[in-house]
Amino acid sequence: MAQPNSNTPKKFQTQLSAHTIDGYAIVEKIGSGSYSTVYKAFKTIGPRDTVAIKCVEKNKLSPTGVENIITEIRMLKMLRHEYIVQMKDFQWDERFIYIVMEYCDGGDLSAFIHKRRKLPETICRKFMQQLALALKFLRLNNVCHLDLKPQNLLLVTQPELTLKVGDFGFAQFLSNEAYHSSLRGSPLYMAPEMLIKRHYDAKVDLWSVGVIAYECLFGRAPYSSATIRQLHDKIRSQAPIEIPEQCVSRDCQDLLGRLLKHDPEQRISYEELFAHPFLDLEHLPSEESYRKGVALVHEAVRQDAAKEFRQAFVLYCQALQYFVPYIQAEKDPEKKAGLTSKVAEYTKRAEELKSILHPPKVTKESSVTSPSVSSESSAEHTPSHTPATPDLITLCSTTPALKDALDIGTSAQMYLAEGQYQLALDKFQASLGVLVPLLATEPLGVRKDLLYRQIQDWLKQAESVKALQSYVKMNQTSPQSIAEKDACCIQ
């Protein structure tokens, strides 16, 4: 046990003397709750690892509190994940239960937000990706946290800034089909159905994720209130939640809006969350994502050799979506340089194929062809109609909304040919934002078939634009400044 020095306050000396934890020495108090106190400590046996020890006073626990502690220990013993705070040990004596956890040196997300007032979208996205992966693991184990809030999300700063889910005191085993009725959690982050109906399922955690993301981006929770009564009134009246559109990307707006649906039936599902383009979990750097990128490049080269240029272009761009995050995450300078060089080759070829598939307008005085492909070959493999197909345009002439959306999609292709990636992406998204809902209501027939094919083609092109755009951004940012840019810019 730690020996308090003469400068330690008497109250804290008394607190320290109350705890004798085998194998650990307490250093300082780092937090407290209604029935527990958390201390920073280090191991006295073996490596002097720093840990956090949650000391729970038994005589302050109600029967429900005892049940919660038992459930928390049981869960933490089985929940081993890189984005969940790990329990290392637990002990008890006559007065206390001690839960020994990994030490998170960056404090909690609430303090991190308040220090910076609000976070750039890139940092918010990184935290939401990590939180989503933790939730994915919890859902595989039928665990519902029920108290997700910034104070329960802890940060580790080394080797890189990482978010971890902590404090499972209110967590319950709850399958997707099961319902619960007890009131748990913090009102500011509590899903409306918990407060109003007292009948809820695992989707309550999704509402909490939406509130956390909103607070990260705008510096306050959507229903921040001066009093609990005001908060309850806003929740019960389903007061509209305003999302400042000019501050965040379209994908981010969409995810926030779908997470913060008052009706759980309309709220985004876990499967939809994990597949959402704002999080883009599919392309997070990992050995698996690297192997996927390599496989896509091999197939792109094969299609390129067979002069299937459209398919090769799509495959090169799909590979970039795996490679670019992987390169940005690589810490070894030599590996990073080697990967960057190879990816530059793939990008160059993708750009050449883009010029073949979307050639700029040629005047009588000049002609433009790809340096690596003959004019004859280019003409042979360039689609006869780069805009939407004439048959589809003719069939949509009596439906103004469809015709306008097709015109926008065609303009997106023109911007893509000019290398104006952000404008191309904006136009593709605007077009698809109209076409996809209309497809769902379109009656069966030739027009629906053509519309479906056009949407699939533009979805692929939009993904290709994202890949090329991300590569351009990576090259505009020096390796040293990538982390700095992540910490201070909205992209």
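Where in the structure is the place of Leu146? Leu146 sits in the loop between strand 6 and strand 7. The model shown here is a predicted one.

The protein has 491 residues, and 46% of them count as buried. Its secondary structure consists of 18 helices and nine strands. Among contacts between residues at least 6 apart in sequence, 63% join residues that are at least 24 apart. The protein exposes about 25100 Å² of surface, and carbon and sulfur atoms supply 52% of that area.

Next comes the backbone. Most residues other than glycine have a negative phi, and most peptide bonds are trans. Leu146 has a positive phi of about 70°, although it is not a glycine. Is Leu146 buried or exposed? Leu146 has a relative accessible area of 4%, and because buried means under 20%, Leu146 is buried. Asn142 also has a positive phi, near 55°, and is likewise a residue other than glycine. Asn142 is found in the loop between helix 4, residues 121–140, and strand 6, residues 143–144. With a relative accessible area of 33%, Asn142 is partly exposed. A cis peptide bond, with omega of about 0°, joins Gln158 and Pro159. Pro159 belongs to the loop between strand 7 (153–156) and strand 8 (162–165).

The second largest pocket is a place where several parts of the chain can be followed together. About 920 Å³ of space lies in this pocket. Its lining is made up of 31 residues, and those nearest the centre of the pocket are Val38, Lys54, Gln151, Asn152 and Asp167. The elements that give two or more residues to this lining are strand 1 (24–32), strand 2 (36–43), strand 3 (50–57) and strand 5 (96–102). By residue type, the lining of the second largest pocket divides into 12 nonpolar, 12 polar and seven charged residues.

Which residues is Ser110 in contact with, leaving aside its neighbours within four places in sequence? Ser110 is in contact with Pro150 and Gln151. Ser110 lies in helix 3, which covers residues 109–116. At a relative accessible area of 6%, Ser110 is buried.

Gly210 counts as buried, at 0% relative accessibility. Leaving aside neighbours within four places in sequence, Gly210 is in contact with Leu256, Leu259 and Leu260. The C-alpha atoms of Gly210 and Leu255 are separated by 8.0 Å, although these two residues are 45 residues apart along the chain.

The last stop is Arg447, in helix 17, which spans residues 446–476. Is Arg447 buried or exposed? The relative accessible area of Arg447 is 18%, so Arg447 is buried, since the cut-off is under 20%. What does the side chain of Arg447 reach at 3.1 Å? The side chain of Arg447 reaches the backbone oxygen of Leu395 at that distance. Not counting residues up to four places away in sequence, Arg447 touches Leu392, Leu395, Cys396, Thr399, Leu402 and Glu442.

Terms used. Residues are numbered from 1 along each chain as its sequence is written. This is a predicted model: local features need pLDDT of at least 70, side-chain atom pairs count only at pLDDT 80 or more; totals for chains, interfaces and linings use all residues. Side-chain values use heavy atoms; hydrogens and water are left out. On a 1 Å grid over the protein atoms alone, a cavity is a set of points where a 1.4 Å probe fits but cannot get out, and a pocket is an open set with protein on both sides within 12 Å along at least five of seven lines; lining residues have an atom within 4 Å of a point. Grid points are joined across faces, edges and corners, and a volume is the space filled by probe spheres set on the points. Helices (H or I, at least four residues) and strands (E, at least two) are DSSP runs, numbered from the N terminus. Ala, Val, Leu, Ile, Met, Phe, Trp, Tyr, Cys and Pro count as nonpolar, Asp, Glu, Lys and Arg as charged, and the others, Gly among them, as polar. Buried means under 20% relative accessible area, exposed over 50%, partly exposed in between (1.4 Å probe, protein chains only). Contact means heavy atoms within 4.5 Å. Accessible areas come from the Shrake-Rupley method with a 1.4 Å probe; for residues, only the protein chains shown count as cover. A polar contact is a pair of N or O atoms within 3.5 Å; within protein, one must be able to donate a hydrogen and the other to accept it, and residues adjacent in sequence count only if both atoms are side-chain atoms.
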